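Please look through the structure below before reading the numbered points. They move from charged pairs to helix packing and then to the nonpolar cores.

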Amino acid sequence: MSAVAARLFCLPHSGASAMVYGRWRRALPSWLAVHPVELPGRGARTGEPLSTDPIRLAASLAGEIEGLIDGPYALFGHSLGGLLAFELAHALLERGAPPPLVLFASGSEAPAVRDDRDLARPRSDAELIADLRGYRGTPEEALADDELMAVVLPVLRADFLMAGTYAYRPRPALPCPVHVLAGTGDDLDRPALEAWGRETRCDFVLDLFEGDHFFIHSRQAEVLGVLDAALSRRMNGGPAALFRAGGSPAGRTLQ
């Protein structure tokens, strides 16, 4: 493979910036160029207005990313990022871009079955901090840092509103494999994960990792190994999945 044979665009979870994927650039092989996608209102785009409309945001991101697609590429998103990656895939196809090698949806229920209506109202700071504590992904010292929370909570509030106002739109299934990753200790239902299989007319994989909602950090090496293997198979013309949608079983557990 050439120095850069494919690109991986990574969308962050609620409340996060592109920095959440910073280590992936060094941990993944050099043939795969990692592009952490910065959303408006955070990180390098702090001065821009926060978005609460996932459809408009995906369309805007498609316009930004389209020019970077000069060959094979894949999309990855965790939690809310998984939903955005799904909408981004459709938005790119609508603009005439080629389909991604793989759509990776991590820690995210399938768009057609997710129900986040309880997030459709603005949450107080106390509620947001309680939510962060429940996800078990933020240290207590960070939750107690008022200056840090003053930066994080407005972003998290907007992201929750984005999830709460999302309305699924039935469209033709994606012409690319869908590969779902989830933690065994997360509270996502297995049927809601398997429902992603209905969003592709190609292969479907469900990989389970020991861990909670933020298994992508605690099991980073295993997660990146799965991404590397899946994309290597696609680049080399091999099968994209170990299990096909509707097959049995729908996934495997990594120890």
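1. A salt bridge is a side-chain nitrogen of Lys or Arg within 4 Å of a carboxyl oxygen of Asp or Glu. With that in hand, one can follow the network of salt bridges that links Arg45, Glu48 and Glu64. The model is a predicted one, and a search of the whole structure finds 16 salt bridges in it.

2. Which parts of the chain does the pair of aspartate 125 and arginine 157 link? The two residues form a salt bridge whose closest N and O atoms are 2.5 Å apart, and the pair links distant parts of the chain, since aspartate 125 belongs to helix α4 (residues 125-135) and arginine 157 to helix α6 (residues 146-164), 32 residues apart. Aspartate 125 has a relative accessible area of 41% and is therefore counted as partly exposed, and arginine 157, at 21% relative accessibility, also counts as partly exposed.

3. The salt bridge between arginine 190 and glutamate 194 has its closest N and O atoms 2.9 Å apart. Here both residues lie in helix α7 (residues 190-194), and they are four residues apart, about one turn of the helix. Arginine 190 is partly exposed at a relative accessible area of 33%, and glutamate 194 is partly exposed at 32%.

4. A further salt bridge joins the side chains of arginine 121 and glutamate 127, with a distance of 2.8 Å from N to O. Arginine 121 counts as partly exposed, at 42% relative accessibility, while glutamate 127 is partly exposed with a relative accessible area of 31%.

5. How do the axes of α4 and α6 cross? They come within 10 Å and cross at roughly 85°, so α4 is roughly perpendicular to α6, because angles of 65 to 115 degrees count as roughly perpendicular. On the α4 side the contact is made by Asp125, Leu128, Ile129, Asp131, Leu132 and Tyr135, and on the α6 side by Met149, Leu153, Leu156, Arg157 and Phe160. Sorted by type, the residues of this contact divide into eight nonpolar, no polar and three charged.

6. Turning to the interior, nonpolar side chains in soluble globular proteins tend to be buried together. The largest nonpolar core in this model has 48 residues, and those with the most contacts inside it are Leu11, Leu75, Leu88, Leu92, Leu103, Val180 and Trp196. Helix α3 (residues 80-94) supplies the largest share of this core, nine residues. Apart from this core lies another one of 25 residues, which includes Leu8, Trp31, Val34 and Phe76.

7. Which residues does tryptophan 196 contact, leaving aside its neighbours within four places in sequence? They are Gly82, Phe86, Leu103, Ala105, Ser108, Glu109, Ala110, Pro111, Val178, Val180 and Phe204.

8. A last point concerns aspartate 115, which lies in the loop between β4 (103-106) and α4. At 44% relative accessibility, aspartate 115 counts as partly exposed.

Methods: Residues are numbered from 1 along each chain as its sequence is written. This is a predicted model: local features need pLDDT of at least 70, side-chain atom pairs count only at pLDDT 80 or more; totals for chains, interfaces and linings use all residues. Side-chain values use heavy atoms; hydrogens and water are left out. A nonpolar core is a set of buried Ala, Val, Leu, Ile, Met, Phe, Trp, Tyr and Cys residues joined through side-chain atoms within 4.5 Å. Buried means under 20% relative accessible area, exposed over 50%, partly exposed in between (1.4 Å probe, protein chains only). Helices (H or I, at least four residues) and strands (E, at least two) are DSSP runs, numbered from the N terminus. Contact means heavy atoms within 4.5 Å. Axes are lines fitted to C-alpha atoms, for helices over the stretch in contact, and angles run from 0 to 180 degrees between N-to-C directions. Angles under 35 degrees count as roughly parallel, over 145 as roughly antiparallel, 65 to 115 as roughly perpendicular and the rest as oblique. Ala, Val, Leu, Ile, Met, Phe, Trp, Tyr, Cys and Pro count as nonpolar, Asp, Glu, Lys and Arg as charged, and the others, Gly among them, as polar.
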